[in-house]
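Hi everyone, thanks for making time.

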Amino acid sequence: MEYGLFLGCIVPLRYPDIEKAVRLVMERLDVKLYDLEKATCCPVSGCYYSFDHVSTYAVAARNLVIAENLGKDIMTICNGCFATLFKSNKKFKENENLKNEINNVLSDVNMSYNGTIDVKHFVQILYRDIGCETIKQHVIDPLTNLRVAVHYGCHLLRPKRVFNLDDPEYPHIFDEIVTSLGAESIDYKLKKICCGAGGGLRANNPELSFEIMKKKLKNIKDSGADVIVSACPFCHLQFDRGQFELNKKGEEFDIPVVHLAQLMGLALGISEKKILTISETPRKKLFEAIKV
Amino acid sequence: MTGKYKIDYALREQVSDIQHGLNVNQCFQCNVCTSSCDVARFNEKFKPARIVKLAILGIRDVLEEEELWYCTTCFFCFDRCPQLADPTEIILTLRNISAREGNLPKSQRRIAKNILVTGHSVGIEKENVENRRNLELEDLPPTAAKYKDAIEDVQKILKKTGAHKIIRFNFDTMELED
């Protein structure tokens with residue numbers, strides 16, 4: 001199995017420990033990753049798609065061309081990158097006029113997109129292409145008794161009419177991956193609500209954005225979870241830095257936050273010192289829980 | 001609603017033109033979108049159904065409302081809309097029109113500028129280079145962060161689409177205007 005790894009922005013430039021985890025975990029699962037050299041921001045939908053659809057498609061198309069030139073499907077490790085690139089790719093495949101319009105823009109940088117590759121999400125690749133049985137076979141240190149609060153993040157599930165990866169009302173694929181690592185995926189109130197960061201809200205109105213996040217964090221705290229896991233670095237950043245910000249205002253949150261690749265790394269026997277090195281919210285509770 | 005509004009029925013066509021196949025008129029105001037909305041739980045002024053209604057009625061004031069920028073794009077309403085009116089896409093398309101009228105929030109313009117200047121939405125910090133080194137990763141990722149010609153590509157692309165005009169970015173100073 002081979003993919004072009006689309007890094008995006010937040011992982012390589014804020015949480016490179018996630019990048020390391022992705023690379024090591026995929027190596028263990030015998031998946032070969034190729035770097036998409038010279039890739040840029042996807043571009044971030046909450047910003048670019050909000051002010052100009054065509055600019056969004058054009059920058060996305062340039063990223064797709066990089067993968068097409070390598071002849072590889074794209075693996076995204078972020079819900080935001082997945083949404084932008086998947087949606088753009090689907091549009092180009094379905095709408096010849098749009099593809100021609102965008103290729104006209106790309107001609108200025110001597111590029112052209114033919115629409116020969118697919119865009120896949122990390123969770124989708126684990127669940128559909130690799131499969132939970134294979135993951136189980138690679139587990140060295142099962143995460144027994146670990147109580148995990150899964151946060152799907154909006155753009156892994158919705159819009160279903162576009163992505164069609166899981167039932168957005170009763171999703172299960174992420175929970176099954178977590179369970180295959182030996183951990184327990186716990187239920188909590190309003191599990192499907194947004195982290196509050198998307199659509200530009202975190203930048204435009206942090207108070208409102210944090211109110212949504214606080215509700216989610218309170219429910220997770222009440223559930224007694226040992227860790228929050230997502231497969232979206234923007235949700236990850238929201239929860240990790242957000243708890244730190246909320247605590248400055250008198251709240252008491254200390255729920256460790258990890259990307260699915262990092263949780264998998266632990267179960268696959270990779271030392272936390274190699275893949276869990278950067279966080280605002282301490283991860284001590286998680287490390288203690290897995291050592292019991 | 002009280003007072004005088006700027007009525008312009010062309011607004012709904014404008015929305016449909018930007019987003020092919022999007023039909024604002026599908027909406028019959030059932031309010032499933034508003035009751036599915038994570039933001040509406042916390043802010044009583046933000047109501048997706050109301051935004052769609054204003055678009056249908058051609059009330060251009062919606063383009064100047066701060067609430068237009070409160071949607072987190074969670075797409076709950078998009079999936080649950082019984083009329084397939086795509087409320088999230090309507091909001092995002094109204095944002096496109098609003099941005100052209102100079103209402104793009106400054107925070108959004110700054111992020112857009114980052115991509116024009118660096119190719120990425122967030123900047124390169126010294127601390128991150130050290131973090132990468134400690135993880136035995138290359139100092140700079142193999143992206144636009146490392147290859148400057150990638151940034152030139154993005155600039156050429158966005159110059160052609162006119163993104164710089166919408167965000168009011170000056171290529172001579174490489175800064176936002178005002």
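Okay, one term before we start: a residue is called buried when its relative accessible area is under 20%, exposed when that area is over 50%, and partly exposed in between. Take B:Thr73, which has a relative accessible area of 6%, so it counts as buried. Also, please keep in mind that this is a predicted model.

Let's stay with B:Thr73 for a moment. It lies in the loop between helix H3 (48-57) and H4 of chain B. As background, most residues other than glycine have a negative phi, and most peptide bonds are trans. Chain B has another case: B:Gln29, also not a glycine, has a positive phi of about 60 degrees. You'll find B:Gln29 in the loop between helix H1 (10-18) and helix H2 (32-36) of chain B. With a relative accessible area of 28%, B:Gln29 is partly exposed.

And what about the peptide bonds? In chain A, the bond from A:Cys42 to A:Pro43 is cis, with omega near 10 degrees; A:Pro43 sits in the loop between S2 and H3 of chain A. A cis bond also joins A:Arg158 and A:Pro159, where omega is about 0 degrees. That proline, A:Pro159, belongs to the loop between helix H9 (154-157) and H10 of chain A.

Now, the two chains together. How many residues of chain A are in contact with chain B? There are 71 of them, and they meet 67 residues of chain B. Between them the chains bury about 5800 Å², with 60% of that on carbon and sulfur atoms. On the chain A side, A:Leu13, A:Phe51 and A:Arg161 lose the most area to chain B, together 12% of what that side buries.

Across the interface we get 38 residue pairs in polar contact. If you sort the chain A side by class, you get 33 nonpolar, 17 polar and 21 charged residues.

Speaking of charge: side chains of opposite charge can pair when their charged atoms come close. The structure holds 34 salt bridges over all chains, and the count between chain A and chain B is nine. One pair is A:Lys87 with B:Glu89, whose closest N and O atoms are 2.6 Å apart. B:Asp149 and A:Lys38 also meet in a salt bridge, at 2.7 Å from N to O. This pair crosses between chains, from helix H8 (residues 148-161) of chain B to the loop between strand S2 (32-35) and helix H3 (45-51) of chain A. B:Asp149 is partly exposed at 34%, and A:Lys38 is partly exposed at 28%. There's a network as well: salt bridges link A:Glu19, A:Arg23, A:Asp35 and B:Arg132.

Now for a pair inside chain A. A:Lys90 and A:Glu94 form a salt bridge of 2.9 Å, N to O. Why are they about one helical turn apart? Because they are four residues apart in helix H5 (residues 79-94) of chain A. A:Lys90 is partly exposed at 28%, while A:Glu94 counts as exposed at 59%.

B:Arg109 is in helix H6 (residues 106-118), and at 3% relative accessibility it counts as buried. Leaving aside neighbours within four places in sequence, B:Arg109 is in contact with several residues, including B:Glu177 and B:Asp178. Then there's B:Asp86, in the loop between helix H4 (76-80) and helix H5 (87-100) of chain B, which counts as buried at 12%. Among the residues that B:Asp86 touches is A:Arg161, and as we saw, A:Arg161 is one of the three in chain A that lose the most area to chain B.

Last stop, helix H13 (residues 206-223) of chain A. At 1.5 Å a residue, its 18 residues should span 26 Å, and its end C-alpha atoms are 25 Å apart, which agrees. Its buried residues include A:Leu208, A:Phe210, A:Ile212 and A:Lys216. They pack against strand S5 (147-150), H12, strand S7 (227-230) and helix H14 (233-248) of chain A. Just after the helix, A:Gly224 takes a positive phi of about 80 degrees.

Note on methods. Residues numbered from 1 in each chain as written. Chains lettered and ligands numbered in written order. Predicted model: local features only at pLDDT ≥ 70, side-chain atom pairs only at ≥ 80, totals over all residues. Heavy atoms only, no water. Contact = heavy atoms within 4.5 Å. Buried area = accessible area lost by both parts, 1.4 Å probe. Salt bridge = Lys/Arg side-chain N within 4 Å of Asp/Glu carboxyl O. Polar contact = N/O pair within 3.5 Å; in protein donor to acceptor, adjacent residues only side chain to side chain. Nonpolar A, V, L, I, M, F, W, Y, C, P; charged D, E, K, R; others polar. Helix = DSSP H or I, 4+ residues; strand = E, 2+ residues; numbered from the N terminus. Buried < 20%, exposed > 50% of the residue type's maximum accessible area, 1.4 Å probe, protein only. Expected span 1.5 Å × (residues − 1).
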